[in-house]
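Work through the exercises below with the structure open.

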Amino acid sequence: MTKDMTVGSPMRLVVSFAIPLMFGNLFQQFYSMVDTVIVGRFLGTGPLAAVGSTGSVNFLILGFCLGVCAGFAIPVSQSFGSKDERELKRYVGNIVWLAAVFSVLFAVVTVALCRLILEWMDTPADIIDDAYNYIVVIFLGIPVTVLYNTLASLLRALGDSRTPVVFLVMASVLNIGLDLFLILVIPMGVAGAAWATVISQALSGVACLVFIWKRFPLLHLSRDDLRPRLDHMARLLGMGLPMGLQLSITAIGSILLQTSVNGLGSVVVASVTASNKLQMLFACVFDALGVSMSTYAGQNIGAKKPDRLGPGVRSGMVIGSVYSLLALAVVLLFGRTMMLLFVDASETEIIRQAYQFLVIQAAFFIPLAGVNVFRLFIQGMGYSKVAMFAGCFEMVARGVFGLFLVPKFGFLLACFASPCAWILADAFLVPTFFKVLRHAKRFET
């Protein structure tokens, strides 16, 4: 079930590792998108805008959690690459303690503050109650989100990118049924969509845990492995916190941008919501590439094979660039039709604005591929703190658009905020990659 990425063709390894991740991400976005489709089609554009208005704060909090989980897995992948089973298990044992503590604390704090955050974001009065009812449930589910993503990250660190997909497929099917039941039968409104997501992810996490217990003896822990070790915790936090903060820093810019979009009214919020859901669906490939880069880099650094790093990142960019051009063609041809998943055909203004927003995003997918490939590769090499600064550049770009340009010039400038953020992040990441690559080669030779 494990995969050694320290031998063989980098292109073949990246493709074979990324394909299951792509399907997994697609299903993850699929059952997230199902919430939006059902809310938009059965509850209306107001609740649709409410769910969409929580997107950036959702990204702020859950993005931090996901980043930390991914960062925790880096020492595991490096230990796997160096064939050090004892250290690998000790890292996993300390991950258990850290993940349990921070997930519970995060859930308590965010649930207590989420109403205040929505008010600070200038969420329109006609949708703020629905927005709160949705996001408070999502935050209550932080521990199960951390459970699944920690286990999935550990499996991927060992080269198994297929197993988490199986559980996500099961969760997506369950999520659809729960959405329909909790929204149409009970009914619970937008809170039903949130509960469907949380319950589905909880079950996928439990299923992943059972699978590891039965099939992955490498991750079976003894009492000694579970003993808290300050040096291991320090290294895990040194990898995990910068990755979590990087995503959260990026999300701060998104919150500033979302606040300015909220000020343009519910119709614009609904348009951006529908477009963002489709954009996230297309971005699944970039996310999969990023995780593949992190695992590839971590294993090869652990195996002391720095000469394989350059070919690995080149393979990632070739894959990302080809896919970007294909995705743009699909958006141009079928973008308007895809918007009908979320809104009725009579909502012509929402469809027009959402299509415009999506086309502009898709035109800059190659820079987005670069952000994922270079940032996650640098993090996988162990330079999490350096990669974190890319999030600062994205935050600055979105912050400038959110605070100054969108309020003055309106919706069109909102369309260009993320593309500018991606380009600015690449301007930092590309030269940084070559710098840390030279450092790694000097260190290992």
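**Exercise 1. Describe how helix α6 packs on helix α8.**

Step 1. Helix α6 (residues 142-157) and helix α8 (residues 190-215) have axes 8 Å apart and pack at an angle of about 40 degrees. Helices (H or I, at least four residues) and strands (E, at least two) are DSSP runs, numbered from the N terminus. Axes are lines fitted to C-alpha atoms, for helices over the stretch in contact, and angles run from 0 to 180 degrees between N-to-C directions.

Step 2. Because of this angle, α6 is oblique to α8. Angles under 35 degrees count as roughly parallel, over 145 as roughly antiparallel, 65 to 115 as roughly perpendicular, and the rest as oblique.

Step 3. The crossing of α6 with α8 is left-handed. The term applies if the near helix is turned anticlockwise from the far one by less than a right angle; clockwise is right-handed.

Step 4. Contact means heavy atoms within 4.5 Å. Residues of α6 that meet α8 include Val144, Leu147 and Leu151, and among their partners in α8 are Val198, Leu209 and Ile212. By class, this contact of α6 with α8 has 12 nonpolar, five polar and no charged residues. Ala, Val, Leu, Ile, Met, Phe, Trp, Tyr, Cys and Pro count as nonpolar, Asp, Glu, Lys and Arg as charged, and the others, Gly among them, as polar.

A note on the source: this is a predicted model, in which local features need pLDDT of at least 70 and side-chain atom pairs count only at pLDDT 80 or more, while totals for chains, interfaces and linings use all residues. Residues are numbered from 1 along each chain as its sequence is written, and side-chain values use heavy atoms, with hydrogens and water left out.

**Exercise 2. Describe how α12 packs on α14.**

Step 1. The axes of α12 and helix α14 (residues 365-380) come within 8 Å and cross at roughly 155 degrees. Therefore α12 is roughly antiparallel to α14.

Step 2. This crossing of α12 and α14 is right-handed.

Step 3. The contact includes Gly312, Gly316 and Gly320 of α12, and Ala369, Gly370 and Phe374 of α14. Its classes are 11 nonpolar, six polar and no charged residues.

**Exercise 3. Locate two backbone exceptions.**

Step 1. Most residues other than glycine have a negative phi, and most peptide bonds are trans.

Step 2. The peptide bond from Ile186 to Pro187 is cis, with omega near -25 degrees. Pro187 lies in the loop between α7 (163-185) and α8.

Step 3. Lys83, a residue other than glycine, has a positive phi, near 60 degrees. Lys83 lies in the loop between α3 (55-81) and α4.
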